[in-house]
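Try each task before you read the solution under it.

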Amino acid sequence: MKRFVLCVLVLAACAVSGCSSSGDLLKGSTWQYSIDGGETFTDTPATVAHEGEIVQIARTTFEVTDLDDIAEFHLHAEIYYPRTTAEINGTPIAREYPELGYIVVRDIAPAVLTIGTNELRISDTYKKYDATESQLPPMTAKLLPMTADDLAFRTGPILGAFNADQFTVTSRTNMVADVVCRARPIGGGEDVVVAADRGLIQAFTVPRAAGQDAYEYRLEATRDGVTRETDWQPAPQWSNVTDGTLRFVVSSDSQTENPAWTAITKRMVAHQPDLLIMTGDMVSNGRDDAQWDAQFLDAASELVAVTPLYPVEGNHEMESPILDDLFRTPAPGGRGL
């Protein structure tokens with residue numbers, strides 16, 4: 001299989017009248033390109049000879065006049081480990097998982113930027129194995145300022161491991177946030193509220209109160225006084241899963257099969273199973289962060305909110321750390337295969 005790796009060092013330039021959650025700081029950027037380590041630049045992307053390897057630098061600057069009310073910045077660009085690194089004003093941009101690739105890098109602190117002229121750099125490597133010659137495409141990137149009003153749930157809720165004493169839920173927000181899971185007993189009783197660690201990904205273990213058989217739950221995310229809530233969803237009913245019977249479905253290979261996977265998940269929801277088992281290959285490349293939503297979870301959102309999911313790792317998951325953090329299993333501590 002041919003491999004293509006791209007190395008780009010990016011700097012982008014535009015003047016902005018302050019920051020807003022709807023404004024791309026790199027809009028109107030003029031890009032320049034270098035393949036000699038930044039000694040010289042041209043206005044044209046480099047051409048890669050057959051069986052060649054280059055490091056390209058695309059550069060620009062951008063102006064910032066106001067950082068008030070900005071919660072964080074999001075960089076929209078292809079940032080893939082290990083071939084890509086990025087920095088703003090000399091400060092490396094950290095990824096949530098250093099070993100994953102991203103098309104959106106979140107949680108870039110406003111302190112990294114400064115009022116006035118700023119510089120963005122994205123370093124990547126491009127290697128060609130076939131016998132053709134081709135020109136690299138023009139560099140594209142966006143840098144978006146995010147306010148608390150932009151807060152939203154990105155992924156989930158996802159039901160996970162459950163037993164006679166508890167059930168588990170996970171989710172992801174599009175920004176760093178404080179998130180709680182609120183479970184209210186069906187038929188009356190005190191709400192159970194469980195908080196997750198502050199971050200982009202959240203995990204909850206909700207205990208069963210004495211005498212309670214069923215809960216409905218929702219997630220509540222807060223950032224700088226702004227709150228977002230999911231819809232109420234039914235949690236597993238204990239009498240249904242502790243009576244010696246279990247109604248479950250098994251599926252696999254949702255990767256790249258979005259229309260079929262969407263249709264299958266709707267059929268699963270209609271059958272109201274107690275458990276969903278995915279036997280691997282949920283995504284094409286488990287180390288591509290965006291694929292977990294695009295290929296698997298977006299289509300299955302209605303299903304996994306009401307049906308506990310136990311995943312089995314296939315070769316395409318590529319031992320992604322997302323498996324441990326986003327899916328809770330019966331393994332000790334809820335993490336692991």
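**Exercise 1. A pair of rings**

Are W292 and F327 buried or exposed? Then work out how their rings sit and what the pair connects.

*Solution.* One thing to keep in mind throughout: this is a predicted model.
- Step 1: W292 is buried, and F327 is buried as well.
- Step 2: Look at the rings. The centres of W292 and F327 are 5.8 Å apart and the planes are at 50°, so this pair is tilted. To count as edge-to-face, the planes would have to be over 60 degrees apart.
- Step 3: W292 belongs to helix α3, while F327 is in the segment after α5 (322-326), so the pair ties together parts 35 residues apart in sequence.

**Exercise 2. A second pair, and its cluster**

Find out how many aromatic pairs the structure holds, then classify the one made by Y215 and W238.

*Solution.* 
- Step 1: There are eight aromatic pairs in the structure.
- Step 2: For Y215 and W238, the ring centres are 5.8 Å apart and the planes are at 80°, so you'd call the pair edge-to-face.
- Step 3: Y215 sits in strand β19 (residues 215-223) and W238 in helix α1 (residues 238-241), so the pair links parts 23 residues apart in sequence.
- Step 4: Check burial against the cut-off of under 20% relative accessible area. Y215 has 0% relative accessibility, so it counts as buried. W238 is at 2%, so it is buried too.
- Step 5: Widen the view. Y215 and W238 belong to one aromatic cluster together with F167 and Y217.

**Exercise 3. The neighbours of β19**

Which strands pair with β19, among them β16, β21 and β20? Work out how each pairing is made.

*Solution.* 
- Step 1: Start with strand β16 (residues 166-185), which runs antiparallel to β19 and is joined to it by eight bridges. Here P185 has Y215 as its bridge partner.
- Step 2: Strand β21 (residues 233-234) is also antiparallel to β19, with two bridges between them. In this pairing E216 stands opposite P234.
- Step 3: Strand β20 (residues 226-229) pairs with β19 in the antiparallel sense over four bridges, with R223 opposite V226.
- Step 4: Look at the turn. β19 and β20 make a hairpin with two residues between them, and D224 in that turn has a positive phi of about 50°.
- Step 5: Seven of the nine residues of β19 are buried, so the strand is largely enclosed by the rest of the structure.

Conventions
Residues numbered from 1 in each chain as written. Predicted model: local features only at pLDDT ≥ 70, side-chain atom pairs only at ≥ 80, totals over all residues. Heavy atoms only, no water. Phe/Tyr/Trp six-rings, centres within 6.5 Å; stacked < 30°, edge-to-face > 60°. Buried < 20%, exposed > 50% of the residue type's maximum accessible area, 1.4 Å probe, protein only. Pairing = 2+ DSSP bridges.
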